[in-house]
Amino acid sequence: MRRIETGDLWWKNAVFYCADIETFYDWNGDGTGDIRGMTERLDYLSDLGVTCLWLMPFYPTARRDDGYDITDFFGVDPRLGTLGDFVELVRTAKSMGIRVIIDFVMNHTSDAHPWFKSARRSKDDPYRDYYVWTDTEPPDTSKDVVFPDQEDSLWELDPKTNEWYLHHFYKHQPDLNIANPEVQEEISRTLGFWLALGVSGFRVDAVPFLFAKDGAPGDPGAFDPFEYLGDVRNFVTRRVGDAVLLGEVNVPYKDQKQFFGGADGDGLNMQFDFIGMQSIYLSLARGDARPLAKALRQRPGLDVTSQWANFVRNHDELTLDKLSDVERQEVFDALGPDPDMQLYDRGLRRRLPAMVGGDERRMRMVYSLAFSLPGTPVLFYGEEIGMAENLEIPGRLAVRSPMQWTGGANGGFSTAAKRRVVRPVTDGLFGPERVNAADQRHDHGSFWWFIRDLIYTYRQQPEIGWSTATILKQPNRAVLAHVLREESGWQLVALHNFGADGCLVSIELEDAPPGSILVDLLDGLAEYPLDKGLAELELDAYGYRWLRLIRPGDEPI
């Protein structure tokens, strides 16, 4: 890989870390995390090896959907700080080699946003067409709602004008009419504003809902949503040449290519691999690597500027919606059998450590796997210490409990009285007395150090982000063996055992020249010679290996 040609595509080799400012660190002691607290903890992220910080919404909000119900796209929630605090955060992060991207909610606003407050006054209001309205009673859409425990339709009747407005999420989050050129202009102004303040891009929320055909006003043939997505990409790139658009696109693989921009790759730069993530959990539940192997074989190839974002956990429920009903029930039975652990009959509101009963063998295997797949790894705050969820917190927020910094009061998150803390800290087996960053950073055998070493190993092998994967034939159903290849000739074999028993794994690399060896990057650089391209290695229960191919004449690692 010639790095001189790849500098602008920094996201191909980055390590992303998603944090919720509100629950990360409380600097001023009022019980709520804040931007200055986030800034104070940047050295922690730098030490961990993070190269890009993704911030969840911090805008002014009606506070009905954890910040995703925005009332001002150009501001900062005063509980969290000021625009000046934000600029200082970005400047300090960049001085440490950490880029910052922010959540951008393009699909909807809060119903308390000035646009919607104006739009609902009359049918002739100038902001009326900022949203999607119909004067005809809509059909039954109860099967299409995102939150079936909260909503029973995608449309809500507004009594002031006796018309219905579209909301793919909650009724207090009306959808924007993206086909309206004036709305497009507002979106460009917003993106340009934050880019001018130094952000390196955006995580775009709920992208597929922007393109849903739910009766948008006007000629439906006059607006091509994918062409518009390309326009957004071009606008962002014109303002900041190496800015990134990371999209939340939970659709089948066959449909994801168009969100990347097709063969030209002029849409989103990155998309989360929801299919791969769900297959990991099915394989974990079964102790069988074949579901994941099948998904990886179906994963589309991408153009050079595009990238998959690999993740084990995100900030929402762990959706399992792309699994069959039977498969989803298997995961529920194995990893979240209590109905209170499940959400909307489609996902889990748990973190991995609690799902596997704190079994660090399985935890380490899963994260090793996520970092070994072609793409860019994305961590959710607290994953690096093995934090669990707090099921006392309702709904999706169960996984957004305060970060556990120490074993002290409030887990070191805040000096405020317990009753004033924004959300309750997790207790019990995974409480801060047992799981916290301070203790683990002093213990080189801890999970934090495992993640740190994994990140540094990943960053020492930048070819992973540019590689393609081939699944190796494997008689042991519990083992996933894949080889990563990059055009320079670099190769890495990754082995991961989903089974509770150790085994022998045979590897065959037909293109390995005589005298080649495999070097274990995660186990003290142990060496294994290849005999006519063949090697046989032991793999522990829930074991994992990263084996770098070294040919005669290659530079030593």
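1. Start with the aromatic cluster: F58, Y59, F73, F74, F86, F104, W115, Y127, Y130, F193, W194 and F202 are linked through ring pairs. A pair here means rings of Phe, Tyr or Trp (for Trp, the six-membered ring) with centres within 6.5 Å; planes under 30 degrees apart are stacked, over 60 edge-to-face, and the rest tilted. On that rule the count is 43 aromatic pairs.

2. Before going on, a word on what you're looking at. This is a predicted model, so local features need pLDDT of at least 70 and side-chain atom pairs count only at pLDDT 80 or more, while totals for chains, interfaces and linings use all residues. Residues are numbered from 1 along each chain as its sequence is written, and side-chain values use heavy atoms, with hydrogens and water left out.

3. For the numbering, helices (H or I, at least four residues) and strands (E, at least two) are DSSP runs counted from the N terminus. F86 is buried at a relative accessible area of 0%, and W194 is buried at 0% too. The classes are: buried under 20% relative accessible area, exposed over 50%, partly exposed in between, using a 1.4 Å probe and protein chains only.

4. Then there's W448 with W449. Their ring centres are 5.4 Å apart and the planes stand at 80 degrees, which makes this pair edge-to-face. W448 is buried at 0%; W449 also counts as buried, at 15%.

5. Which residues touch the most other members of the largest nonpolar core? Y17 and F202 do, in a core of 141 residues. F202 also turns up in the aromatic cluster of point 1. Helix 15 (residues 447-460) gives the most to this core, with 8 residues. A second, separate core has 18 residues, including L495, I507, L518 and L549. "Core" means a set of buried Ala, Val, Leu, Ile, Met, Phe, Trp, Tyr and Cys residues joined through side-chain atoms within 4.5 Å.

6. R36 sits over W27, 4.0 Å from the ring centre, and R459 sits over Y456, 5.9 Å from the ring centre. The test wants NZ of Lys or CZ of Arg within 6 Å of the ring centre and within 35 degrees of the ring normal. Keep that distance limit in mind when you look at the 5.9 Å of R459.

7. On to the salt bridges, of which the whole structure has 35. The criterion is a side-chain nitrogen of Lys or Arg within 4 Å of a carboxyl oxygen of Asp or Glu. Some of them join up: D20, E22, D65, D66, D77, R79, D316, R396, R400 and R423 are linked in a network.

8. The N to O distance is 2.8 Å. R286 is partly exposed at 37%, and E330 is partly exposed at 27%.

9. D340 meets R349 at 3.0 Å, N to O; D340 is partly exposed at 38%, whereas R349 is buried at 4%. R361 meets D359 at 3.1 Å, N to O; here the arginine, R361, is partly exposed at 45% and D359 is buried at 17%.

10. There's an open sheet of 3 strands in the order 11-13-12, with antiparallel pairing. Strand 11 (318-319) and strand 12 (342-343) are the edges, each pairing on one side only. Strands 12 and 13 (residues 347-348) run antiparallel and are joined by 2 bridges; pairing takes at least two bridges found by DSSP. L343 stands opposite G347 in strand 13.

11. Last, N177, in the loop between strand 6 (163-166) and helix 6. N177 is buried at 5%, and a polar atom of its side chain lies 3.1 Å from the backbone oxygen of D129.

Note on methods:
A polar contact is a pair of N or O atoms within 3.5 Å; within protein, one must be able to donate a hydrogen and the other to accept it, and residues adjacent in sequence count only if both atoms are side-chain atoms.
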